Amino acid sequence: MSYDYNCWVCFELFTEPVTLYCSHSFCKECIEKSYHIEQLCPFCRKEIQMPLPPIDQELNKKILKLKGFDVDENNNNINNNNNNINNNNNNNNNNNNNNNNNNNNNNNNKDVVMEEFQPIKKITYGILNLPSTIYAQIFSVFSVKEILKFSLVCKEFYKAINHKFLWKIKLFQFIEFFNTEKYEYDYKKCFKICYQNEKNENKGAAGTFKMIPFRGHSQPITSIQHIGNVMCTGSVDSTVRVWDLSSKKGTNTQTFTGHSGGVTCIKQRQYSVISGSDDCTVRVWDFEKGVESNCLKTTSPILSIDYNVNIGGDGQIIATNKDTVQIWDHRDKQGGDDLVGISGEVFSSKFHSNGHLFVHTSDYLDSWDLRRFDRPILRLPSPQWYQPTKDFVYVFSNNRSILKYNILNGKLIGSKSLSNHFSTVGAALAGHQLFSATNDNIAYNIGDFNVHLLDSNLNPLHVLSNHTNQINSITIDNKKILTGSMDNTIKVWDKQSGKRLYSLLGGSNIVNPSDPIPLTLGCSLINYDRSRIIGVFNNLVRLYNFNLD
């Protein structure tokens with residue numbers, strides 16, 4: 001399992017791991033650098049914001065053990081302090097080395113001062129006399145097409161253009177994470193593969209991806225998550241299965257049994273998965289030991305679960321049923337404490353990237369700061385659907401309007417009535433709506449076969465029209481929109497132009513007599529990352545892998 005403890009930015013074992021609210025973990029330094037490039041999770045492209053959650057102490061202990069350190073299970077502050085001292089000493093040494101390098105660079109830079117009409121050979125000679133990191137930085141500001149043209153100028157430029165440090169810079173300008181170790185740190189080759197993967201995912205034509213089915217569940221799949229190459233699924237058949245996404249045959253690596261009712265929701269972590277069930281229990285499953293590590297019993301079926309990473313990964317689980325929201329420290333193996341002050345029947349709860357817990361009930365949509373339990377910090381009227389983003393809360397209200405609120409103070413910023421849309425949709429379809437949003441766009445469906453895209457001011461942009469049956473799921477990020485439908489397809493759309501890029505088929509629409517009765521026809525759930533799209537079709541998972549290398 002050591003591979004699963006690798007950061008998906010630097011592909012080394014975690015150093016001071018931070019787990020984001022989307023469940024993906026990175027080195028603290030890596031995610032801070034990535035945040036300055038774009039405010040999105042490098043893995044799933046969901047919005048993130050500062051301040052980041054604290055270091056995940058539970059994950060950090062596992063990493064230290066893998067590295068051979070003695071870890072006190074109760075307190076590892078002493079080791080951390082020692083590490084910090086060593087790091088400070090190393091930083092001082094690095095600063096001294098940097099000062100020496102800067103002095104050398106200043107001396108070398110004198111060679112580059114050239115007279116007008118100086119021959120190309122002397123110019124290139126001066127550049128190549130610079131440290132390789134310097135001339136690689138010079139060339140890195142040009143586009144790849146321009147860099148390749150430079151290589152045709154002369155032998156010296158050709159040598160400079162093929163330096164691996166230059167292609168390392170270009171690679172990380174193009175993509176925040178890539179397993180360079182797999183290709184023996186050949187950064188130019190890695191760049192070519194990433195570029196081809198991007199073309200494949202934008203094209204989606206036959207031959208640009210490989211479809212791998214994952215079979216094993218005997219009943220419909222209700223929930224799915226993946227981190228790196230590990231995917232977890234929960235099903236009505238009462239099992240939680242763990243899959244290896246890097247396998248070519250859809251390998252099921254672990255199957256957890258113990259629930260007496262169907263699994264309704266899961267929450268995957270780097271080293272465990274938490275499942276909620278109709279049997280009124282929440283169970284924690286340990287990947288390394290392959291066993292159930294704890295069980296929380298409640299009085300009603302579990303509707304949703306989440307994990308509070310804001311306390312440093314110390315084991316706080318948020319379990320939701322129709323009666324209450326329970327906060328449970330599973331390390332103590334005790335029952336959870338109810339969140340006091342909730343009004344109405346509870347539908348769901350989930351964490352936002354700012355650390356606040358959103359609780360959706362029949363009476364209100366509340367935002368809670370779990371450091372204080374006296375009252376919610378934000379209370380809005382109960383919507384049908386909602387989506388908090390970095391700065392706003394978009395809601396699909398019960399009176400068929402989309403409302404935009406300020407996420408800090410709850411002030412209403414804008415609204416858009418959808419009554420005209422509903423007048424054109426039959427009553428049977430109008431009861432089924434879907435809603436997804438980022439800070440800049442809202443995508444929604446009102447029960448017909450179309451997806452409507454709005455800008456942040458709630459002005460219409462595009463109508464995505466190509467499905468031939470009802471839409472089941474909508475996923476949106478900063479570049480693309482993915483939709484799954486009862487027509488047994490996943491369609492990928494360009495967000496800027498609204499054009500359909502391609503469709504992914506989910507097999508035959510004819511139901512096999514041996515298949516279980518589906519909860520939802522067609523594609524019910526979609527997950528994706530930089531080079532893969534994952535769709536759930538009844539009791540089957542289909543992986544569309546655009547990395548053909």
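The largest nonpolar core holds 23 residues, of which Val282, Leu339, Leu357 and Leu370 touch the most other members. Two or more residues of this core come from each of β10 (281-286), β12 (302-307), β13 (316-321), β14 (325-329), β16 (346-351) and β17 (357-361). Apart from this core lies another one, made of 22 residues, including Phe43, Cys44, Leu59 and Tyr271. The model described here is a predicted one.

**Leu339 and Thr324**

- Leaving aside residues up to four places away in sequence, Leu339 touches Thr324, Val325, Ile327, Leu357, Val359, Trp368, Leu370 and Phe373.
- One of these contacts, Thr324, is found in the loop between β13 and β14.
- Thr324 has a relative accessible area of 12% and is therefore buried, since buried means under 20%.
- Again without residues up to four places away in sequence, the contacts of Thr324 are Ala319, Asp338, Leu339 and Val346.

**His259**

- His259 has its place in the loop between β7 (251-257) and β8 (263-268), and because its relative accessibility is 8%, His259 counts as buried.
- The side chain of His259 makes a polar contact of 3.2 Å with the side chain of Asp279, and a polar contact (3.2 Å) also joins the side chain of His259 to that of Thr281.
- Not counting residues up to four places away in sequence, His259 touches Ser238, Ser275, Ser277, Asp279, Thr281, Arg283 and Trp285.

Conventions:
Residues numbered from 1 in each chain as written. Predicted model: local features only at pLDDT ≥ 70, side-chain atom pairs only at ≥ 80, totals over all residues. Heavy atoms only, no water. Core = buried A, V, L, I, M, F, W, Y, C linked by side-chain atoms within 4.5 Å. Buried < 20%, exposed > 50% of the residue type's maximum accessible area, 1.4 Å probe, protein only. Helix = DSSP H or I, 4+ residues; strand = E, 2+ residues; numbered from the N terminus. Contact = heavy atoms within 4.5 Å. Polar contact = N/O pair within 3.5 Å; in protein donor to acceptor, adjacent residues only side chain to side chain.
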